[in-house]
Amino acid sequence: MLCYPDYKRSIINIISSVMNYYRAPYEYPTLPVLDGHLCKFYKNVVLIVLDGMGTDMLERNLAPGDFLRRNFVQNLTSVYPSTTASAMTSYYTGVSPNEHGWLGWSLFFKEFCRCIDVYTNLDSYTKQPAAISNAAEFVMPYETIYHDIAKSIIGDVQPFTVSQSKVRIAENGNIHKTAEKFDRVCDLVAKICETEQNTFTYVQWCSPDDTAHRTGCYSDETREKLRELNHDLEKLAGSLKDTLLIISADHGMIDITDEILIDRIPELNECLVMPPFIESRAMSFFVKSDRKTDFERSFANLLGHDFLLIPRREVFAKNLLGTGRTHPKTYDFIGDYLACAVSDAGLRYRTLNTKPKNMNKANHGGLTEQEMTVPLIIVTTPQTKAYKQKKLL
């Protein structure tokens, strides 16, 4: 089943509710169910984003009585493309991919005349360093939410961010902490919440995405990883007071059974101006002006059951990437067509200098319900009498 992004009920709207709580500016509607909890005024607000933990994966790997499932509140959609680079940047900024421009893992930067993996800063094909500084950060800098939260009129709010050391999170009013194991992350969150000041903590964790890529969405390894996360989060929640715990994901995932090599399909490859890019399941195609009809016909015949081919004008007209002011680089990155996965297949393009790569057993970026639907989980903790008295002052 297809699932389009709903920018009134998406991961961006979590950020809108948080910003509204701190009386900071925001651009998208808030989530009423989250607003209802925030209005009780907690000293600490903790947002934990588990990479790849879609609702489908959650429900098929954990029992209904498990901590994460019994605290489930409602489903939300991811942004589009439903992938880490676009979704996590929306968490950092509170705006859509259309506005921040970080559309996916691999993007063609005309400034460097090459496809670059935005997080690693490596050439997407040779895997050699692409630029001295991080190309994506240089070309597409963005403002994070942390500076505005730190200036909140409710006073003395300190934003924290916690992630693995390999994850780049911009520091802009926030204090950044790192940990390599999730139980250590929980220890850091607990210590932050014990401080005297009001705090907002954003946690980004790479699981279960990293495990599912290697083993699949419903493997024993992924199920065990989710059980570990569930256990650690339940233990953390039991140790907290005066804290609202919000748990969600950036996107979901789907098991992949087929990888289609575009460079091996002459009917398509001969129509292209350059190699396609963005993601395996959300691919941007730049097509020769005199071959568009041929490309559309061949794509429909060969890949029409697996991918929805959306012309450039419709991508923007339908606000698939979000609303607001379109980033100049977004216009650069969306070609004549955007191919959006609707089945369990992925696309790949190999050049003569492409490094060998194994197919992921699970992936994301498409428009399926498994990839686009993520859970909103809310956990309340006891509000102490001392804090309530302080709140009234």
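Trainee: In this predicted model, how does the reach of helix H13 from its first C-alpha to its last compare with the span expected at 1.5 Å a residue?

Mentor: One sets the end-to-end distance beside the span expected from the number of residues. Helix H13, residues 292–303, has 12 residues and reaches 15 Å, which is close to the expected 16 Å.

Trainee: Which residues of H13 are buried, and where do they lie around the axis?

Mentor: The buried residues are Phe295, Ser298, Phe299 and Leu303. They lie on the same side of H13, because they cover an arc of only 105° around its axis. The face turned away from that buried side carries the exposed residues Thr293 and Asn301.

Trainee: What do the buried residues of H13 pack against?

Mentor: Their partners include helix H12 (266–269) and several strands, among them S11 (258–261), S13 (282–285) and S14 (307–311).

Trainee: Which residues have the most contacts inside the largest nonpolar core?

Mentor: That core has 126 residues, and those with the most contacts inside it are Ile48, Tyr80, Phe200, Tyr202, Ile247 and Phe285. Its largest share, eight residues, comes from helix H9 (residues 182–193). Leaving aside neighbours within four places in sequence, isoleucine 48 is in contact with residues including Phe182, Val203, Leu233 and Ile247.

Terms used:
Residues are numbered from 1 along each chain as its sequence is written. This is a predicted model: local features need pLDDT of at least 70, side-chain atom pairs count only at pLDDT 80 or more; totals for chains, interfaces and linings use all residues. Side-chain values use heavy atoms; hydrogens and water are left out. A nonpolar core is a set of buried Ala, Val, Leu, Ile, Met, Phe, Trp, Tyr and Cys residues joined through side-chain atoms within 4.5 Å. Buried means under 20% relative accessible area, exposed over 50%, partly exposed in between (1.4 Å probe, protein chains only). Helices (H or I, at least four residues) and strands (E, at least two) are DSSP runs, numbered from the N terminus. Contact means heavy atoms within 4.5 Å. The arc is that of the directions from the helix axis to the C-beta atoms.
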